[in-house]
Amino acid sequence: GSPPESTVELHGSLWLVKRHDWEGFVEKDGKVWEDKSDPICSALSEEVCGMDLRRWPTIPESELPHDPRDKNCLVRPAVVWFGECLDETTLQRATSAVQSADVFLVCGTSSVVYPAAGFASEVHRNGGCVAEFNLEETPNSAYVSEGMGFCTPGGSCAKLLPEALDDLF
């Protein structure tokens, strides 16, 4: 599933998967496909893994998710992990969207990983409205438009964002 053209998946999505040997998030040539199975395989269920990641079980490779077209190849989330580069085309699309944005939402992020951490300041500089939904202030809090800062300790973006959008629209 491709996102709408006005949406840019800069770092990918956990609902998209790809072969484990393909780096970064590049949604082209059928290299990425949607899998909304939760969990993606039974070996990763809460009953097996629990919530304590310090006691992550050893899972045989045969029980991990595999490419349905190539049963010998493992799949992974189609996201950009640390140490991987962003796709240049995706980054160009994001930069273009940021340069023309009227409204920019900063949601559930520390705002310290670039290039995305610099987007709010650019929207602000171009006269756009910046809203922030976080548990605490971030470096981007300085660019938040009047009345658009939703930094509530103990609150969650899942709760704050829909409430704020209901109030705005």
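Reader: Why does Gly108 count as exposed?

Author: Gly108 has a relative accessibility of 56%. Exposed means over 50% relative accessible area, buried under 20% and partly exposed in between, with a 1.4 Å probe and protein chains only; Gly108 is therefore exposed. The model is predicted, so local features need pLDDT of at least 70 and side-chain atom pairs pLDDT 80 or more, whereas totals for chains, interfaces and linings use all residues. Residues are numbered from 1 along each chain as its sequence is written, and side-chain values use heavy atoms, without hydrogens and water.

Reader: Where does Gly108 lie, and with which residues is Gly108 in contact?

Author: Gly108 belongs to the loop between β5 and α3. Helices (H or I, at least four residues) and strands (E, at least two) are DSSP runs numbered from the N terminus. Neighbours within four places in sequence aside, the contacts of Gly108 are Phe133, Asn134 and Cys157, contact meaning heavy atoms within 4.5 Å. Ala158 stands 50 residues from Gly108 in sequence, with 9.2 Å between their C-alpha atoms.

Reader: What makes a nonpolar patch of Phe82, Val112 and Val113?

Author: These three residues form such a patch on the surface, with about 360 Å² of accessible area together. Patch residues have over 30% relative accessible area and no salt bridge; like charges are joined within 9 Å and nonpolar side chains (Val, Leu, Ile, Met, Phe, Trp, Tyr) within 5 Å. The areas come from the Shrake-Rupley method with a 1.4 Å probe, and for residues only the protein chains shown count as cover. Val112 is placed in the loop between β5 (103-107) and α3 (119-125).

Reader: Which residues have the most contacts inside the largest nonpolar core?

Author: They are Leu10, Phe104, Phe119, Val123 and Val130, in a core of 19 residues. At least two core residues come from each of α2 (88-99), β5, α3, β6 (129-134) and α4 (157-168). Such a core is a set of buried Ala, Val, Leu, Ile, Met, Phe, Trp, Tyr and Cys residues joined through side-chain atoms within 4.5 Å. Beyond four places in sequence, Val130 is in contact with several residues, including Phe104, Val123 and Met148.

Reader: What makes the pair Arg19 and Asp70 a salt bridge?

Author: A salt bridge requires a side-chain nitrogen of Lys or Arg within 4 Å of a carboxyl oxygen of Asp or Glu. The N to O distance between Arg19 and Asp70 is 3.4 Å, so the pair qualifies. Asp70 is partly exposed, because its relative accessibility is 26%.

Reader: How many salt bridges does the count give?

Author: The count comes to three. Asp67 and Arg69 form one of them, at 3.3 Å from N to O; Arg76 and Glu84 also pair, with their closest N and O atoms 2.8 Å apart.

Reader: Why is Asp67 called buried, and why is Arg69 called exposed?

Author: Asp67 has a relative accessible area of 2% and is therefore buried, whereas Arg69, with 57%, is exposed. Asp67 is found in strand β3 (residues 66-67), and its contacts beyond four places in sequence are Arg19, Trp33, Cys73 and Val75.

Reader: Are Glu84 and Arg76 buried or exposed?

Author: Glu84 is buried, because its relative accessible area is 17%. Arg76 is buried because its relative accessibility is 8%.

Reader: How many disulfides are there by the rule?

Author: The count is zero, a disulfide being a pair of cysteine sulfur atoms within 2.5 Å. Cys73 is buried because its relative accessibility is 3%, while Cys85 is exposed because its relative accessible area is 64%.
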